[in-house]
Amino acid sequence: MKRRLFCGVLAASMIATSLTGVFASAEENPYAAYEGTTITVAALESAYGSEMWTAVCEAFTAETGIEVELTTDKNLEDVIGPSMQGGEYPDVIHLATGREAALTEQFIKGNMIAEITDVLSMTVPGEDVTVADKIAGGFTDTSLTNPYGDGKTYLAPMFYSPCGLFYNKGLLEEKGWEVPTTWDEMWELGDKALEEGIYLFTYPTTGYFDAFFYALMYCAGGPEFFDKATNYEEGIWDTEEAQTCFDIVTKLASYTNPITPAQANDQDFTQNQQLVLDNKAIFMPNGTWIVGEMAEAPRADGFEWGMTALPAVEEGGDSYSYTWFEQAWIPAGAENQDAAKLFLSFLYSDTACDIFAQSNAIQPVLGIADKLEGDNVMFYSIYDNGAKAAMGNFAAFNAIPGVEIRPIFFDPVNSLVEGTITEDDWIAGIKTANDQMRANLK
């Protein structure tokens with residue numbers, strides 16, 4: 001009896017010792033379960049460059065032991081598209097909505113993106129706080145991250161940028177011109193500038209009208225109008241607020257440097273941006289990445305970057321700056337989804353944020369503005385100077401052959417500038433598509 005009891009105690013002791021070893025091992029290496037795992041990450045090589053992604057992936061491997069096979073390219077869709085058609089998906093994709101190829105939108109419409117709501121409650125690798133503790137308010141409460149309106153998160157917010165109208169402060173100071181605070185003042189400035197051979201406006205590509213038009217909708221009708229319009233409410237484009245938006249864009253087209261449409265493509269867009277640096281146009285819609293993108297470009301004497309929110313529709317009205325941000329996501333067909341979620345959580349670590357910030361890619365985390373310097377201080381303080389933040393985009397709808405947001409709403413601006421379509425033509429196309437989109441809402 002005593003021997004049997006001793007054996008039992010010994011066995012229990014051995015089990016306890018064994019479990020203690022397991023717990024100690026888990027505490028020492030919380031990523032032991034991922035040993036031998038390699039994930040594939042595909043990231044867009046944008047104006048921020050690709051080196052930051054290499055550094056972040058190396059830092060992630062150093063922290064977790066998980067290896068990363070990284071692919072970056074300026075035309076990422078062309079690189080990863082063929083293999084995905086064959087059923088081979090990267091584990092993590094960094095590719096925003098609003099691009100010409102609309103690959104991310106295709107995955108949203110096809111319900112082919114994995115839910116990542118649980119990532120928000122994950123502890124950031126190397127830290128003792130959760131992802132939700134790090135991300136600034138509002139960024140996971142928008143259709144850009146929660147495209148189906150079901151309270152669940154599918155896309156992770158990345159690299160945010162206050163968007164607005166960028167200009168040469170030196171030119172305005174030299175001419176004694178004030179930055180317009182209303183659209184009436186904008187037209188007055190446009191007339192003054194034309195007398196000196198300077199156009200009021202240009203744009204890189206029509207894709208840049210997404211942030212512009214979203215902010216304009218807020219200026220014209222506030223959040224209520226924006227929400228109705230982006231959910232394709234019946235009759236919304238017949239309202240006074242909608243007509244205000246259409247009229248402003250159409251009039252702005254008449255003040256646009258006429259060379260703009262010919263250069264408004266993914267190959268030549270920097271030539272339109274150069275128009276501002278050469279004082280051949282005053283304002284252009286853009287984001288804070290423009291500084292790095294044009295860092296090596298020639299510029300007029302006395303050039304200094306300036307940025308303003310969209311003017312108010314009328315005196316005393318609200319001005320808005322759209323907060324544009326990119327997205328990272330996990331394809332539903334990805335092989336290593338748990339490790340991919342861990343990688344997403346690491347993107348909000350102080351380590352990753354600091355690496356990204358060195359390339360002017362600013363993560364939407366609390367307190368990030370305190371670490372900024374140079375032009376970024378001005379850009380990211382725009383909401384401290386009276387502008388309101390606009391956020392969100394058009395709601396997702398089931399795929400409709402030949403119907404996409406950009407070709408319907410924004411691409412016609414090229415034709416407005418060229419004079420090959422009328423404002424009524426543009427509006428008619430939007431109304432027709434709006435009915436189809438509403439009928440196919442997800």
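Student: Why is Phe159 called buried in this predicted model?

Tutor: Buried means under 20% relative accessible area. Phe159 has a relative accessible area of 0%, so Phe159 is buried.

Student: Where is Phe159 found?

Tutor: Phe159 is in strand β4, which covers residues 155-162. Its phi is positive, about 40°, although Phe159 is not a glycine.

Student: Why does Asn111 count as partly exposed?

Tutor: Partly exposed lies between buried, under 20%, and exposed, over 50%. Asn111 has 49% relative accessibility, so Asn111 counts as partly exposed. Asn111 sits in the loop between α4 (103-109) and α5 (131-134). Its phi is near 50°, a positive value in a residue other than glycine.

Student: Which residues lie closest to the centre of the largest pocket?

Tutor: The largest pocket holds about 1100 Å³ of space. Of the 38 residues that line this pocket, Arg99, Tyr208, Asp266, Phe269 and Glu293 are the closest to its centre.

Student: What gives the most to the lining of the largest pocket?

Tutor: That is α8, with four residues. Elements that each supply at least two residues of this lining include α3 (76-85), α11 (269-277) and β7 (281-286). By class, the lining has 16 nonpolar, eleven polar and eleven charged residues.

Student: How many residues line the second largest pocket?

Tutor: There are 34, and Thr97, Gly98, Glu105, Ile405 and Arg406 lie nearest the centre of this pocket. About 550 Å³ of space lies in the second largest pocket. Its lining takes at least two residues from each of α4, α8, β9 and α16 (405-410).

Technical notes: Residues are numbered from 1 along each chain as its sequence is written. This is a predicted model: local features need pLDDT of at least 70, side-chain atom pairs count only at pLDDT 80 or more; totals for chains, interfaces and linings use all residues. Side-chain values use heavy atoms; hydrogens and water are left out. Buried means under 20% relative accessible area, exposed over 50%, partly exposed in between (1.4 Å probe, protein chains only). On a 1 Å grid over the protein atoms alone, a cavity is a set of points where a 1.4 Å probe fits but cannot get out, and a pocket is an open set with protein on both sides within 12 Å along at least five of seven lines; lining residues have an atom within 4 Å of a point. Grid points are joined across faces, edges and corners, and a volume is the space filled by probe spheres set on the points. Ala, Val, Leu, Ile, Met, Phe, Trp, Tyr, Cys and Pro count as nonpolar, Asp, Glu, Lys and Arg as charged, and the others, Gly among them, as polar.
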